[in-house]
Amino acid sequence: IDIAVIRYPRIANFTDFNVFEQMPGVTVRYVTSVAEFHHADMICLPGSKNTMGDLKWMRQTGLEAAVKKAVEEIPVFGICGGYQMLGMSIADPDNVEEGGAIRGMELLPVENILQKSKKRCQTEGMVDKVEGIFRGISGCEFQGYEIHMGETRYADCSVKDDAIVPFPSDDLKQRPVNKVVVQSEKYENVYGSYVHGIFDQAEIANAILRALAQKKGITIGEGELLDYQAFKEKQYDELADTLREYLNMEEIYGMLREADLD
């Protein structure tokens, strides 16, 4: 299974895809040009420290056009900033990033309004019903976190000449997007989510890889799949055991007790 992750100049939170790197038979590649796409089985758009700037970079390099062409055959999944890019528009009325408004990739029926306040929270729950190649993640439990600027709502506007043009009020009503995973009826295999770490749960990662393997006509053995949360906990435990073996922990605890916390 070949997964291509777009490596923007200001990429952020790319650890979202580490879970796939631990699985035999899966390759995760970070691409910066159209030539590097090759024949990926899945395209991922990660988070960004400057969503508008990185979207412009994708436009300039031809990567946006390549992604929009690929959606006819390859599933695309955007996380956080990548999710915002997949929408209809990104507006920045408070000059949080670059000001003004920019057309999105128009693959998801949402609009994004950047705001000065940043949402930071841990989140958990159950994935809403989704269709398309990744329908198998419907109803799966997830845990993760959100850290992003602004609000995302179902689109009621478009962008023309870098200015927001509202749709007639009868078309689409402004309403916040509360779904964990959002997709479009037009582009069934395009998905977006604000949840970092959504792939860390074994059930979700396994469902995604099984779907990709089935599409490719190959099989991934059950023993090769893992829960990345459990994998990380095991690594932390091994690190803690190593520190305890080679450090004088009583001395360290003594320093902590004597420390001036003011």
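Me: Which angle does helix α2 (residues 51-61) make with β8?

Reply: This is a predicted model, in which local features need pLDDT of at least 70, side-chain atom pairs count only at pLDDT 80 or more, and totals for chains, interfaces and linings use all residues. Helices (H or I, at least four residues) and strands (E, at least two) are DSSP runs numbered from the N terminus, contact means heavy atoms within 4.5 Å, and angles run from 0 to 180 degrees between the N-to-C directions of axes, which are lines fitted to C-alpha atoms, for helices over the stretch in contact. Helix α2 lies across β7, β8 and β9, and its angle to β8 is about 40°.

Me: Which strands are the edge strands of the open sheet of 4 strands?

Reply: Two strands pair if DSSP finds at least two bridges between them. The order in this open sheet is β8-β7-β9-β10, with mixed pairing. Pairing on one side only marks the edge strands, β8 (100-103) and β10 (141-154).

Me: In which sense do β7 and β9 run?

Reply: Strands of a sheet pair through backbone hydrogen bonds, either parallel or antiparallel. β7 and β8 pair in the antiparallel sense over 4 bridges, and Ser89 has Arg103 of β8 as its bridge partner. Towards β9, Ile90 stands opposite Asn112 and Ala91 stands opposite Ile113. The 3 bridges between β7 (residues 89-92) and β9 (residues 110-126) join strands that run parallel.

Me: Are Ser89, Ile90, Ala91 and Asp92 of β7 buried or exposed?

Reply: Buried means under 20% relative accessible area, exposed over 50%, and partly exposed in between (1.4 Å probe, protein chains only). In a regular strand the side chains alternate between the two faces of the sheet. Ser89 and Ala91 are on one side of β7, Ile90 and Asp92 on the other, and all are buried.

Me: Why is the pair of Phe14 and Tyr30 edge-to-face?

Reply: Rings of Phe, Tyr and Trp (its six-membered ring) pair if their centres lie within 6.5 Å; planes under 30 degrees apart count as stacked, over 60 as edge-to-face and the rest as tilted. This rule gives 7 aromatic pairs. For Phe14 and Tyr30 the centres are 6.4 Å apart, and the pair is edge-to-face because the planes stand at 80°.

Me: How many residues apart are Phe77 and Phe199?

Reply: Phe77 and Phe199 form an edge-to-face pair, 5.1 Å centre to centre with 75° between the planes, and both are buried. Phe77 is in strand β6 (residues 76-79) and Phe199 in the loop between β14 (190-193) and α5 (202-216), so the pair links distant parts of the chain, 122 residues apart.

Definitions and conventions
Residues are numbered from 1 along each chain as its sequence is written. Side-chain values use heavy atoms; hydrogens and water are left out.
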